[in-house]
Amino acid sequence: SMFGSNLKRSVRVANKIREMKIVLQNIKALEAYPEYKTKEGRGLRSFIKNIVPAIKYHNQQLEYRTVKCNPDEEKAPKLKIKFEGDLVGDLDCKECLEENDILEIVLEADKTKGASVPLLV
């Protein structure tokens, strides 16, 4: 039945999210500015779809939001990272064509408490 296959897919997705144990120590919020029209926005779009659910699952305290942007807006695609102590980093995602590139940068930023990303104070 169709319901059975949807349920199986949901269980598969839930299991994948549980297995992707991404625990953040120093990042308190993520704000994504995806851009839906161009190839450059692809990495951030797939990061939001495939990785953000796991990040939210394993970091209940993390604030997350997606801000819809127009392609002509300068700010997209980017990921704003807020650290403990009100430091804010801006990650330009135009060059990151893969979701895992963005994940690596986020994990590195968390480990270095923001030293590895351009900070906006």
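1. Fold order. Along the sequence, the elements run α-β-α-α-β-β-β-α-β. That comes to four helices and five strands. Elements are DSSP runs, with helices (H or I) of at least four residues and strands (E) of at least two, numbered from the N terminus.

2. Basis. This is a predicted model, in which local features need pLDDT of at least 70 and side-chain atom pairs count only at pLDDT 80 or more, while totals for chains, interfaces and linings use all residues. Residues are numbered from 1 along each chain as its sequence is written, and side-chain values use heavy atoms, with hydrogens and water left out.

3. Burial and surface. The protein has 121 residues, and 40% of them count as buried. Buried means under 20% relative accessible area, exposed means over 50%, and partly exposed lies in between (1.4 Å probe, protein chains only).

4. Contact range. Take the contacts in the protein with a separation of 6 or more: 74% of them join residues 24 or more positions apart. Contact here means heavy atoms within 4.5 Å.

5. Largest pocket. Its space is about 180 Å³. The lining consists of Arg12, Val13, Lys16, Ile17, Lys49, Asn50 and Pro53. Two elements, α1 (2-19) and α2, each give two or more residues to this lining. Helix α1 gives the most, with four residues. By class, the lining holds three nonpolar, one polar and three charged residues. For the classes, Ala, Val, Leu, Ile, Met, Phe, Trp, Tyr, Cys and Pro are nonpolar; Asp, Glu, Lys and Arg are charged; the others, Gly among them, are polar.

6. Pocket method. On a 1 Å grid over the protein atoms alone, a pocket is an open set of points with protein on both sides within 12 Å along at least five of seven lines. Lining residues have an atom within 4 Å of a point. Grid points are joined across faces, edges and corners, and the volume is the space filled by probe spheres set on the points.

7. Asn50. This pocket-lining residue lies in helix α2 (residues 42-50). Asn50 is partly exposed, at 25% relative accessible area. Not counting residues up to four places away in sequence, Asn50 touches Met20 and Glu99. The side chains of Asn50 and Glu99 are joined by a polar contact of 2.8 Å. A polar contact is a pair of N or O atoms within 3.5 Å; within protein, one must be able to donate a hydrogen and the other to accept it, and residues adjacent in sequence count only if both atoms are side-chain atoms. Asn50 and Asn100 are 50 residues apart along the chain, yet their C-alpha atoms are separated by 9.9 Å.

8. His58. Leaving aside neighbours within four places, His58 contacts Ile17, Arg18, Met20, Lys21, Ile22 and Val23.

9. Asn59. This residue sits in the loop between α3 (52-58) and β2 (63-66). Asn59 is buried, at 1% relative accessibility. Its side chain reaches the backbone oxygen of Ile55 at 2.7 Å. Beyond neighbours within four places in sequence, Asn59 is in contact with Ile22, Val23 and Leu24.

10. Glu31. Strand β1 (residues 27-33) holds Glu31. Glu31 counts as buried, at 10% relative accessibility. Its side chain makes a polar contact of 3.0 Å with the side chain of Arg65. With neighbours within four places left aside, the contacts of Glu31 are Arg65, Val67, Lys78, Leu79, Lys80 and Lys82.

11. Backbone points to check. Most residues other than glycine have a negative phi. Asp86, not a glycine, has a positive phi of about 65°. Asp86 lies in the loop between β3 (78-83) and β4 (88-92) and is exposed, at 59% relative accessibility. Lys113 also has a positive phi, near 55°. Lys113 is in the loop between α4 (99-111) and β5 (119-120) and counts as exposed, at 54%.

Note on methods: On a 1 Å grid over the protein atoms alone, a cavity is a set of points where a 1.4 Å probe fits but cannot get out, and a pocket is an open set with protein on both sides within 12 Å along at least five of seven lines; lining residues have an atom within 4 Å of a point.
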